[in-house]
Protein chains: 2
Amino acid sequence: MNRSMNIGEAAKISGVNAKLIRHYESIGIIPKALRTDSGYRIYSESDVNTLAFVRRARGLGFSMKEIKKLVSLWRNRSRTSHEVKTIALAHVGEMERKISELQEMVKTLKHLAKNCHGDQRPECPILDNLGKPE
Amino acid sequence: MNRSMNIGEAAKISGVNAKLIRHYESIGIIPKALRTDSGYRIYSESDVNTLAFVRRARGLGFSMKEIKKLVSLWRNRSRTSHEVKTIALAHVGEMERKISELQEMVKTLKHLAKNCHGDQRPECPILDNLGKPE
DNA sequence: TTGGACCTTCCCATCATTGGAAGGTCAAGC
DNA sequence: GCTTGACCTTCCAATGATGGGAAGGTCCAA
């Protein structure tokens, strides 16, 4: 129990590669790791949990700034679920905005592509549209 | 007609700011502009058309690499509409993939948020999920 | 003791864009 | 003619998240 490990092992278990672990430390997402006498970083199981937390938050598309806040809330017993939910819903809103934007682009481009023969001839409504929209 | 203008005017008309015009020149999206004796860049109406083309392509989410190719096809009379359509549809596919990814994240996060009280209490299924997915 | 697999820090690249600094040019008003 | 301010020039750096690699130190097993 309570075993400690070096960065390679922590990477394997947490699913966050070593390069990224160092990076997360450097930008303050996770606290500075303890070191052996020779300078190797040491990780506890708790540290690995934090890393996996970060990985999963990334998987939901949260920014590093948001993740930093989420980690601190996670670690803070006097947090309120309201704070967490606010961040989550703001992120949902941002993603939904992005989805709409992409859908709009897809719609336009599909329409143009539908009218493009896609053969050996040079005529192309896609280029026409980009070249002169009027 | 056939008036020529400096970068500021070209920026206004094309809708691409001056900083970005210089950048596009530096990365080869547009050819190097002619210069006055004193070194100011000179743009023709045709150049401005190219800049607006780039701006609209950006608006459809194309990458600079793709836009470089599209500009060259636009300028090339012996292009085939097939080439253009291929690029466009590949881009549509990429955007649809991205949309699915975002939708999946939104779905997960909305589900977690729905079960989160969002009040003064610390209990929070969002943090629980990020902390231990098992 | 040697080798290889690990670790360290540091710098650079990506992508598209923006910002600023330091300095040159132009045109209008005095 | 000179000043002023708006424009232009180049160069360097930052963004956000990550990856790649170099140069060098450490650990462990044969």
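**Note on the protein surfaces around DNA strands C and D**

1. In this predicted model, DNA strand C is surrounded by 18 residues, and the closest of them are Gly8(A), Arg22(A), Lys19(B), His23(B) and Met64(B). A residue is taken to be near a strand if one of its heavy atoms lies within 4 Å of it. Among the atoms of DNA strand C that come within 4 Å of the protein, 69% are part of sugar or phosphate, while the rest belong to bases.

2. Please keep the conventions in mind while reading: residues are numbered from 1 along each chain as its sequence is written, and chains are lettered from A, with ligands numbered from 1, in the order in which they are written. Local features need pLDDT of at least 70 and side-chain atom pairs count only at pLDDT 80 or more, whereas totals for chains, interfaces and linings use all residues, and side-chain values use heavy atoms, with hydrogens and water left out.

3. Which side chains have a polar atom 3.0 Å or 2.9 Å from a phosphate oxygen of DNA strand C? In Asn6(A), a side-chain N or O atom is 3.0 Å from such an oxygen, in Arg35(A) the distance from a polar side-chain atom is 2.9 Å, and in Arg58(B) it is 3.0 Å. A polar contact is a pair of N or O atoms within 3.5 Å; within protein, one must be able to donate a hydrogen and the other to accept it, and residues adjacent in sequence count only if both atoms are side-chain atoms.

4. Helices here are DSSP runs (H or I, at least four residues), numbered from the N terminus.

5. DNA strand D is likewise surrounded by 18 residues, the closest being Lys19(A), His23(A), Tyr24(A), Gly8(B) and Arg22(B). Of the atoms of DNA strand D within 4 Å of the protein, 72% belong to sugar and phosphate.

6. A phosphate oxygen of DNA strand D lies 2.6 Å from a polar side-chain atom of Tyr24(A), and one is 2.7 Å from a polar backbone atom of Met64(A). Helix H2 (18–26) of chain A and helix H1 (7–14) of chain B are the elements that give two or more residues to the surface near DNA strand D, with H2(A) giving the most, four residues.
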